[in-house]
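Dear colleague,

Please find below the structure that I am handing over to you. My notes on it follow directly after.

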Amino acid sequence: MKLPDGPRTLPLVQLINVLLRPLETLEENVKRYGDCFTTRITGFPPLVVVSHPQAIQEILTADSKLFDAGQANQILHPLVGDYSLLLMDGDRHQNQRRLLTPPFHGERMRTYGQLICDITEKVTDRWTIGKTFVARSILQEISLRVILRAVFGVDEGQRFEELRRLLSKILDTFDSPIKSSFLFLKILQKDLGSWSPWGRFLCQREQVDKLIYAEIQERRQQSQSSSEDILSLMMSAHDASGQTMTDQQLRDELMTLLLAGHETTASALAWALYWIHKQPTVKEKLLQQLESIGTHPDPSEVAKLPYLTAVCQETLRIYPIGLFTFTRILKSPLQLMGYNYEPGTCFAPCIYLVHHRDDTYPQPKQFQPERFLERQYSPYEYLPFGGGSRRCIGMAFALFEMKLVLANILSHWQLDLVDHRPVHPVRRGVATTPAGGVPMIVIDKNSSTSKMLKPAIS
C-alpha cells in the first residue's frame, strides 16, 4: 500500500516538531504535500493527516464499524482509565455514549445557566482596580468549579477543595511542550518515586481516585437520591440489559468529564478574552449587544445573542484547542482522495488545517466573527468539537458556559491586556493553549481608581 507523501525527517525529529512547533509544522506540511500527507512520529504508527472537507466528510459519515477510534487514542489512557467513553469502540461506545449524553442536552442545560453565572461572579469578585491576573488561571478555576458542581452537585468542602487542587496539579504535569512528551513517549512513563515527574503524576492520580471512590461509596450508601447532578444520573442509569455502572466505570467517566470538561473550556475562554481585547471593535459590538438585553437577562437569552455566538465560534476556529479529531484506525479497505487504503491505516482529520483553508475562510489568520454571521459552515468545514459518532458530548455545555462566562465578565468588569503583542498557541498535553495564559489587568471605565459599577448578568 502506498501512503500519501509526507516529511522524510526522522520520526524523533517529527515528534519534536509536533511538540514544539505544532501549528507551524502542520502548515509547512500541508503547503508542501497537500490535503493528505503522512507523518511518522516516534511511538506511533504512520498517520495520514487529512484536511480536505470532502475527505473528512467521508471519514466522519462512514459506518462507525469501518473505524476504531478508542483503540487509536490510548495516549489518553493514563488520564482517563480503561472504561472511559473516549477509549471505547463499537456497540460498547454507543451504549455508553447514550448513557452519558442526557445531562448535557435539552432542559438539563437550563439548570446550569445560573450556576455558571454565580460561580463566575464569585471567582471574579476578588478582583480590584489595578489588579493583574493570568486569564487562563482564573478561567480554569471558574470552569473547574462549574464542572465539579455539575458533576457532583457541590464544589465546596474539604473533599472538593482537595479534588480541585489535585486535578489542577495533574493537568499542570503536562503544561509545557517538554512536559507533554510524557504522554507521547511511553519510555518516559516510569515510576521512579515521587521525585520523578511520572511518579509524582501517579501519586496525584491515586489521591484523586481515593476522593472520587469515597464520594461514590457515600452516594451508594445513601437512600434513594433525588439529586439531579451528573453523578446521580450516571449511578441511576441502566444499559439495555438493565446493568448499572460499576465503581470503576463511574470513576473513569468522572475523570473524563472532570478533565475534558474544564481544561479545554478554560483555554478557549482565555483566547476569547485575548481577541476581544485585542480588537476594540469586537468588544464594542459585544457590549452593545449585552446592553440591549438589559441588566438581568435570562441566561438562555444571553446564549442566543448572535454576535456573542459568532465571537465564540471564531475563537474556536482560529485556534481550536484540539488540533485533530479522534484518530481513527481503518478496519476495511477504503478508497479516499485517490488512494486505496488497507485495514490498519490510521487517519487523523486535522481541525486546525480545515479551519485555515483560504478557500473556506478568506484571510484565515484574521479574527473575524462576522464570517459566522454571513455564512453557515458545514460540519466538515467547521468542527472544533470533532465530528461524527465521536463528537464531544459536552459541546452544547461548553458553548453555553463560554457565552455566559464572557457575558458576565464583560458586563461586570473593564479589562485590558497587559501586553498587546501577539499571543501564540503552545502545546499543553494533547491540546494547545495561549502562551503565557493571557495576562490582563483590571481597569475602570475612565481609567480612574474606582471599581466599575456592576450592571451585569447575575
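Which residues does C392 touch, not counting residues up to four places away in sequence? The residues in question are R97 and F385, where contact means heavy atoms within 4.5 Å.

Please note that this is a predicted model, in which local features need pLDDT of at least 70 and side-chain atom pairs count only at pLDDT 80 or more, while totals for chains, interfaces and linings use all residues. Residues are numbered from 1 along each chain as its sequence is written, and side-chain values use heavy atoms, with hydrogens and water left out.

The feature "binding site" is placed at C392 by UniProt, in an unreviewed entry; such annotations may be inferred rather than shown by experiment. C392 lies in the loop between α18 (371-374) and α19 (395-412). Helices (H or I, at least four residues) and strands (E, at least two) are DSSP runs, numbered from the N terminus. Because its relative accessibility is 36%, C392 counts as partly exposed (between buried, under 20%, and exposed, over 50%, with a 1.4 Å probe and protein chains only).

Turning to the sheet, three strands form an open sheet in the order β4-β12-β9, with antiparallel pairing; two strands pair if DSSP finds at least two bridges between them. Its edge strands, β4 (132-134) and β9 (414-417), each pair on one side only. From one strand to the next, the twist averages 35° (axes are lines fitted to C-alpha atoms, for helices over the stretch in contact, and angles run from 0 to 180 degrees between N-to-C directions). Four bridges join β9 to β12 (residues 439-443) in the antiparallel sense, and L417 has M440 of β12 as its bridge partner. Helix α7 (residues 135-152) packs on the sheet, touching β4 and β12, and its direction makes about 65° with that of β4.

With kind regards
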